[in-house]
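Please keep the structure in view while reading.

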Amino acid sequence: MPENNSVSPIIEKTVFPILFALSFSHLLNDTIQSLIPAIYPVIKSSYGLSFSQIGLITLTFQMAASLLQPFVGLYTDKKPQPYSLAVGMGFTLIGLITLSQSAHFYTMLISVAFIGIGSSIFHPEASRMAHAASGGKRGLAQSVFQLGGNAGSSLGPLLAAWIIVPYGQFSVIWFSAIALLAIVILSYVGNWYKGFMIARSKKAVIQTEVSRFSRSKVIFSVVILLLLIFSKYFYMASLTNYFTFYLIHKFQVSVQTSQIYLFVFLFSVAAGTLLGGPIGDKIGRKYVIWASILGTAPFALLLPHANLFWIGVLIVPIGMILASAFSAILVYAQELIPGKVGLVAGLFFGFAFGMGGIGSALLGKLADSKGIEYVFNVCAFLPLIGLLTGFLPNIETRKK
């Protein structure tokens, strides 16, 4: 087996223009992705789809977006691909165009699969580029990168309420302009990364990084982290995909009003994203993971029993607290398994997408059989899985 090699940093300062470009591209990418669940109320009524079929659309998208990511990350760890992000956005562009034209359930599945493939190419290598531009501030870099994604996710429901609901499914094609803009920006980032790789090959000193923990301890810790991802993204799936239906069913609000509530939740997720990385850089990532997953529990348990006003209040801390987890988990895992930045990013982004997809499909089936309110009563207990954080080892000393 070859050694796990990494390269000592040649960048002493954080390259913020590249981080901001990656973050903005992440915003554009995830804005497009978030259009998929945002149009569910439109296509459900137009085509008479069941909750199970809605869940299958999400499952198809999430599986396409998740299964390839570890393989993309493993490949790019060995052979970095500076322009792969622009290529991935090309797949997304194809998916958008075909989705706007889809008149049948199965063509919708093919369309969202293309968007998912684009996402699977984007995330691992983009995370590697953020790591390269971090200047050692890995938590900050991942939080800036994630901020763009979560901000984009929050825009989808709002854009759907303003554009897709009044103008119909075909208006999805208008968002092709977003994909084209992202291709231009990602080509610029690719040029920078190509230069970085050339400079690194000439100047950097190759060092071997070895984990301080035994193989069994690393595997055990990764399993714990994946269980935490499971709890976060199953709970996120209930809100991202079915929150609008819950509000419409329980409080008889309009589709536009339900989309605004979903936007508030997703905007809160975006607002909370910047917390996890920088705080983890300072006090240690384990503490951030603990507070983020478990700290959501009290608010999540109250949500199914709240009236419409208090739901609007509760979704803000739920989104903000829960959002800080992923950046901390990802950087924790990258430090736990040094030298495998792309593989770890692909594994965790892929697993997160997969759990979101499986969660959506299973929760859709549960909603069909037990009702949408039952789904939210059950999912309220998922953040309690955050108690497992106590079994994670301390991989860093407290920073001052």
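In this predicted model, helix 5 passes helix 6 in a left-handed crossing. The two elements, residues 84-101 for helix 5 and residues 105-132 for helix 6, pack with their axes 7 Å apart and at an angle of about 160°. Angles over 145 degrees count as roughly antiparallel, and helix 5 and helix 6 are therefore roughly antiparallel to each other. The residues that form the contact of helix 5 with helix 6 comprise 14 nonpolar, eight polar and one charged.

Helix 6 also meets helix 1. The axes of helix 1 and helix 6 come within 11 Å and cross at roughly 160°, which makes helix 1 roughly antiparallel to helix 6. This crossing, too, is described by its hand: helix 1 passes helix 6 in a left-handed manner. On the side of helix 1, the residues involved include Leu 19, Leu 22, His 26, Asp 30 and Ile 36. Among their counterparts in helix 6 are Val 112, Ile 115, Phe 122, His 123 and Met 129. By residue class, the contact of helix 1 with helix 6 divides into 10 nonpolar, six polar and one charged.

A further partner of helix 1 is helix 7. Helix 1, which spans residues 16-38, packs against helix 7 at an angle of about 35°, and their axes are 6 Å apart. Here helix 1 makes a right-handed crossing. The contact of helix 1 with helix 7 consists of 18 nonpolar, 10 polar and one charged residue.

Ile 173 is found in the loop that joins helix 7 (138-167) to helix 8 (176-203). Its relative accessible area is 24%, so Ile 173 is partly exposed. Leaving out residues up to four places away in sequence, Ile 173 touches Ile 97, Ser 100 and Gln 101. Asp 281, by contrast, is 108 residues from Ile 173 along the chain, and the C-alpha atoms of the two are separated by 41 Å.

Leu 382 lies in the segment after helix 16 (372-379). Buried means under 20% relative accessible area; Leu 382 has 14% and therefore counts as buried. Apart from its neighbours within four places in sequence, Leu 382 is in contact with Phe 230, Ser 231, Phe 234 and Tyr 235. Of these, Phe 234 is 148 residues away in sequence, yet the C-alpha atoms of Leu 382 and Phe 234 are 7.7 Å apart in space.

Gln 252 occupies the loop between helix 9 (215-251) and helix 10 (255-283). With a relative accessible area of 60%, Gln 252 is exposed. Most residues other than glycine have a negative phi. Gln 252 is not a glycine, but its phi is positive, at about 55°.

How confident is the predictor in these coordinates? The chain averages a pLDDT of 83, and 93% of the residues score at least 70. Where pLDDT is low, the predicted coordinates should not be read in detail.

Notes: Residues numbered from 1 in each chain as written. Predicted model: local features only at pLDDT ≥ 70, side-chain atom pairs only at ≥ 80, totals over all residues. Heavy atoms only, no water. pLDDT = per-residue confidence, 0-100. Axes fitted to C-alpha atoms, helices over the stretch in contact; angles between N-to-C directions. Helix = DSSP H or I, 4+ residues; strand = E, 2+ residues; numbered from the N terminus. Parallel < 35°, antiparallel > 145°, perpendicular 65-115°, else oblique. Left-handed = near helix turned anticlockwise from the far one by under 90°. Nonpolar A, V, L, I, M, F, W, Y, C, P; charged D, E, K, R; others polar. Buried < 20%, exposed > 50% of the residue type's maximum accessible area, 1.4 Å probe, protein only. Contact = heavy atoms within 4.5 Å.
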